[in-house]
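Visitor: I have a model open on my screen and would like to talk it through with someone. Could you take me around?

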Amino acid sequence: MTKVYNFSAGPAVLPKEVIKKAQDELTSFKGSQMSVMEISHRSSLYTEMFQKAEEDLRYLMEIPDDYDILFQQGGATLQFTTVPLNLANNYRRIGYIDTGHWSQRAYQEAELLHKFDVDVVASSKDSNYTELVHQVELENKNYDYVHLTTNNTIEGTMYRDLPSGLAGQTIVADMSSNILGQKYNVDDFGLIYAGAQKNIGIAGLTVVIVKRDLIGKVSNLPSMLDYKKQADKQSALNTPPVFAIYMAGLVFEWLKEQDGVAAMQALNEEKSQLLYEYLDNSTLFSSPVKREDRSLTNIPFVTGNKQLDEKFIAEATSAGLLNLKGHRLVGGMRASLYNAFELEGVKALVDFMKEFELKNKGE
Ligand SMILES: *Cc1c(COP(=O)(O)O)cnc(C)c1O
């Protein structure tokens, strides 16, 4: 059988060791003769598992004690609504940095609430989102917070450093596609959120990391959308997604065994460099993204010829290089190289691309 490499942008590849561990414990979690999917979320089996997952995440991201960690449902998309409801309570004005599809989705959802002033304070639309904005002018308006997307999953850009012009602002970040893959200082943010199915675990869980003094300021929120109520009940206001939290916990343990986020970031640099270097030297393939803004985890590339792109994707699929089709909004190809994606998979891709390039020169 051909060895398969999964380049999917999400749901994405998980560490093999994690899948194996889940399999080993599937029929009897911690000797209970019940699977983790069958246990009560009020049992000590659950609370111990939950607490360890939270503790490990706090350790991995060096999350200070004055931040709460919430394990929510509804995906990153529900946070586009929940964050404004909880945090835009003073000026009722939010600034959005527009760097692509997901940041647009974030402010569109905030607009649907018809409660807040939603300002796009900076945008890289003019470059077709092939680069980021690094300077923001807030023009003396008061914002409850400024929202940005640290890694643009579809366009393939990533903030290594935060934009300038945000001193004194509360920054909220959608980190769905590079949380735990690139080191950030949690202290720089008021709130961080991420859907789990890219770099944490499986769909069904969304991690929210929030500075405690920002929450509990709005009354009469629907309970499930109220961060304070969720924090007070350790995210078990109702039945939590036990299996998704369990899987995230296994990934956090695995990350600790890999020496944590800095080691992952170094490996992600190595993996992505291998592909970028090839793309920059190829006469067939190229990367549309400005060098200094390139993502470590999502790498779009094109041949410049639609038919040839399709041919490449079909042949790559037959060779076991799966899910390389670019997002429907941008076309071309995209390789997602999250933490669990192995270096040898990138080598296999580059080798395959070299061969394809030789065979299709002059097309
Ligand atoms: C995938 C993604 C989302 C949407 O995540 P869901 O969990 O499916 O709602 C939002 N933001 C970014 C940056 C993403 O990559």
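Guide: We can go through the sheet, then the annotated positions, and then a loop residue.

Guide: Please keep in mind throughout that this is a predicted model.

Visitor: Fine. What is the strand order in the open sheet of 7 strands?

Guide: The order is 2-10-9-8-5-3-4, and the pairing in this open sheet of 7 strands is mixed. Its edges are formed by strand 2, residues 67-72, and strand 4, residues 117-123, each of which pairs on one side only. On average, and with direction ignored, neighbouring strands are turned by 20° against each other.

Visitor: Which helix packs on the sheet?

Guide: Helix 3, residues 75-87, packs there, and among the strands touched by helix 3 are strand 2, strand 5 (145-149), strand 8 (171-174) and strand 9. The direction of helix 3 makes about 160° with that of strand 9.

Visitor: Back to strand 2: how many of its residues are buried?

Guide: Strand 2 is mostly covered, with 6 of its 6 residues buried. In a regular strand the side chains alternate between the two faces of the sheet. In strand 2 both faces are covered, with Y67, I69 and F71 buried on one side and D68, L70 and Q72 buried on the other.

Visitor: And how does strand 2 pair with strand 10?

Guide: The two pair in the antiparallel sense over 6 bridges, and within that pairing L70 stands opposite V208 of strand 10. Strand 10, residues 206-211, also runs antiparallel to strand 9, residues 191-195, to which 5 bridges join it; there, V210 is the bridge partner of L191.

Visitor: Changing topic, which residues does UniProt list for "binding site"?

Guide: The unreviewed UniProt entry lists A76, T77, W102, T153, D174, Q197, N238 and T239 under that heading. These positions span 164 residues in sequence and their farthest two C-alpha atoms are 30.8 Å apart, so they do not all gather at one spot.

Visitor: Take D174 from that list, then. Is it buried or exposed?

Guide: D174, which is found in strand 8, has a relative accessible area of 4%, and because the cut-off for buried is under 20%, D174 counts as buried. Leaving aside neighbours within four places in sequence, the residues in contact with D174 include W102, which is also on the UniProt list, as well as F80, H147 and Y193.

Visitor: What about N238, where is that?

Guide: N238 is in the loop between helix 5 (227-232) and helix 6 (242-257), and N238 is partly exposed, with a relative accessible area of 33%. Not counting residues up to four places away in sequence, N238 touches H41 and M224.

Visitor: Which residue carries the "modified residue" feature?

Guide: UniProt, again in an unreviewed entry, places "modified residue: N6-(pyridoxal phosphate)lysine" at K198. K198 sits in the loop between strand 9 and strand 10, and K198 is buried, with a relative accessible area of 15%.

Visitor: What does K198 touch?

Guide: With residues up to four places away in sequence not counted, K198 touches A9, G10, A12, T153, S176, S177 and Y338.

How values were computed:
Residues are numbered from 1 along each chain as its sequence is written. This is a predicted model: local features need pLDDT of at least 70, side-chain atom pairs count only at pLDDT 80 or more; totals for chains, interfaces and linings use all residues. Side-chain values use heavy atoms; hydrogens and water are left out. Two strands pair if DSSP finds at least two bridges between them. Axes are lines fitted to C-alpha atoms, for helices over the stretch in contact, and angles run from 0 to 180 degrees between N-to-C directions. Contact means heavy atoms within 4.5 Å. UniProt positions are given in the numbering used here, feature names are shortened, and annotations may be inferred rather than shown by experiment. Buried means under 20% relative accessible area, exposed over 50%, partly exposed in between (1.4 Å probe, protein chains only).
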